[in-house]
Amino acid sequence: MGMTAAEKIFAAHAGLAAVSAGEIVVAKPDRMMLHDITGELAFAIFRSMGATEVCDPDKVVLVGDHYSPPPHPEAAALLAKMERFARDMEVQHVFTTGQGIEHTLLPERGLLKPGNLVIGTDSHTCTAGAFSALGTGMGSSDVAAAMALGEMWFMVPETIRATYVGRRPAWITGKDLILALLARITVDGATYKCVEFDGEAIASLNMDERMALCNMTVEGGAKTCFVAPDDTLRAWAVGKHGEGALDHLVESDADAIYSQHQVIDVSELEPQCAVPFSPDNVVPVGELRGTRVNQVYIGNCSNGTMTDLRQAASVLRGRKVAPGVRCIVVPATQRIAAQAAREGIMETLLEAGAIVGPSTCGACAGLHMGVMSDDEVAVATTNRNYRGRMGAFSSRIHLANAWVAAASAVAGEIVHPGEVVTGEAMAA
Amino acid sequence: MNGDTTFEPEFRTVRAHTFGDDIDTDIIIPARVLSQRTPEVLRAHCMEPLAPDFADRVTPGDVLVAGRNFGCGSSREHAVLALQACELSCVVARSFARIFFRNSINRAFPLLICPEAVDAIADGQEIGIDLDRGRIEVDGTIYQARPLPEFLQGIIRAGGLVEYVRRTLAERAAA
């Protein structure tokens, strides 16, 4: 019987020839990623376990991103604890001074390869699926245990196949494809499962857009997700790691068993928007016309890539952010910010009146730099529109792609980007 | 309301606090308070976005009752710490989100999956809980929660993942 990609990756990391969905296996992850909030708890738990060294300091990646740069002394203390743990345990990969947001930083810095199994103390670790790897979020105790033992138990997930047929229309990005799926399967439709993406529209996504797609699978409850290797993935992997990166490419067998198959036709899809207070509360953006916005947030681990910044800049070039709107742009990493500066994107954003922030999870998690007041309304390219997520409990977040967010910043209300930009800018 | 006398001795009488579906981790404990994770801070802000007075009305041993997908969202284990800081006995729900479920097992915090009991329980009602057997008594009717897989029961019996790992490390050192 054939295996899914998820079954193959778990089998390989558990030292087994074959596994099947539902089995509990003990597997050795390739990377264990921790951030400053959940990491600090993991360090305390690690020590309480009686562990004195991490199993393999090369496998551990520490990223201070939720509170970097720190907004208050307690946050600075969390970063200091992370640096202390890194020193004590001789951790090899430490990013505590603003280098970027973990899920984007991991592939950028060459710490993620196709076929890898990655665990992280953050639910959006599933972003790794974009790179034909498996990433899964866990709690601090789980990752602390994995650092101590070098292994962790996993239940091998069933896989939902999500096939996107039809040609992707203008203004439709990876964000829209995942929002369309969430609308269909709801916020718990993929609980405990792997979501495997394929189809013409997926093949047309660049690596940035695949990250946006995979990042939000956890909003459907998914344990992990996977985009099968294709020419786009191979080119990325060889460019980043050399030919050796292709040694562990995995894909599902033709006779693999899926628990369900969702087929979504994108040929008529409009830009999608998730309205408060749930990521599966999705409507076409046209239905929200006239919704006034106080804040626009472009960035975070799902949509702070060069692709997103280029889209935002193409809308904002020669235009102005509407009076009274805070438009905040957060490149996901410092290298992305530097590239945006080289391309003149920074200047475009600033001249339009946008605030360009450091690479941090800040406002997305309601922590700092963009926290909203009572009844304020946001359009954000982030991944959660939960009650109170970005500030006051009565504030309201709408999740959309970077085109929609930038166009809404210009209009001061939620609009279809086609209403703000003429056709030729879409090619950017 | 049935009096204590109708309960079997192993049932403990507790008060239920009911919530709906998809209670996310940002509701259980907002990220912004996590730079300090003392039990006092976690308790004070637990369930705050939906129920700002929760910390005032919850008393030790109470039970939180919820619908589908309780604990969806972030991986923050602080969500379990916050419920434990409120000294809740357990959460009874129709279903749980994956990471929250794992975190609760790891911290030996009991979760009972029992849609039938959820249907029967009203907010503020006194119910009976028998955590050892996973049973819930509501108005004289006894509901049985779904049993956990044996592997997970082992982690709970060990006292949670910390004790489990401590034991495993000791065994490795002795080998």
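This is a predicted model: local features need pLDDT of at least 70, side-chain atom pairs count only at pLDDT 80 or more; totals for chains, interfaces and linings use all residues.
Strand E2 (residues 31-35) of chain A runs parallel to E5(A), the two joined by three bridges.

| Strand pair in chain A | Sense | Bridges |
|---|---|---|
| E2(A) and E5(A) | parallel | three |

Which way do the residues of E5(A) (residues 117-120) point? Leu117(A) and Ile119(A) face one way, Val118(A) and Gly120(A) the other, and all are buried. In a regular strand, side chains alternate between the two faces of the sheet.

Now for the contact between the chains. Chain A contributes 48 residues and chain B 42 residues. Together they bury about 3,900 Å², with carbon and sulfur atoms giving 57% of that area. On the side of chain A, Leu149(A), Trp153(A) and Phe393(A) lose the most area to chain B, together 17% of what that side buries.

Polar links are present too: 20 residue pairs are in polar contact between chain A and chain B. Several elements give two or more residues to the side of chain A that touches chain B, including helix H3 (73-89), E6 and helix H5 (140-149). H2(A) supplies the largest share, seven residues. By class, that side has 23 nonpolar, 15 polar and 10 charged residues.

The rule finds five salt bridges across the interface. In a salt bridge, the side chains of Asp188(A) and Arg68(B) meet at 2.8 Å, N to O.

Notes:
Residues are numbered from 1 along each chain as its sequence is written. Chains are lettered from A and ligands numbered from 1 in the order in which they are written. Side-chain values use heavy atoms; hydrogens and water are left out. Buried means under 20% relative accessible area, exposed over 50%, partly exposed in between (1.4 Å probe, protein chains only). Helices (H or I, at least four residues) and strands (E, at least two) are DSSP runs, numbered from the N terminus. Two strands pair if DSSP finds at least two bridges between them. Contact means heavy atoms within 4.5 Å. Buried area is the accessible area (1.4 Å probe) that two parts lose on being put together, summed over both. A salt bridge is a side-chain nitrogen of Lys or Arg within 4 Å of a carboxyl oxygen of Asp or Glu. A polar contact is a pair of N or O atoms within 3.5 Å; within protein, one must be able to donate a hydrogen and the other to accept it, and residues adjacent in sequence count only if both atoms are side-chain atoms. Ala, Val, Leu, Ile, Met, Phe, Trp, Tyr, Cys and Pro count as nonpolar, Asp, Glu, Lys and Arg as charged, and the others, Gly among them, as polar.
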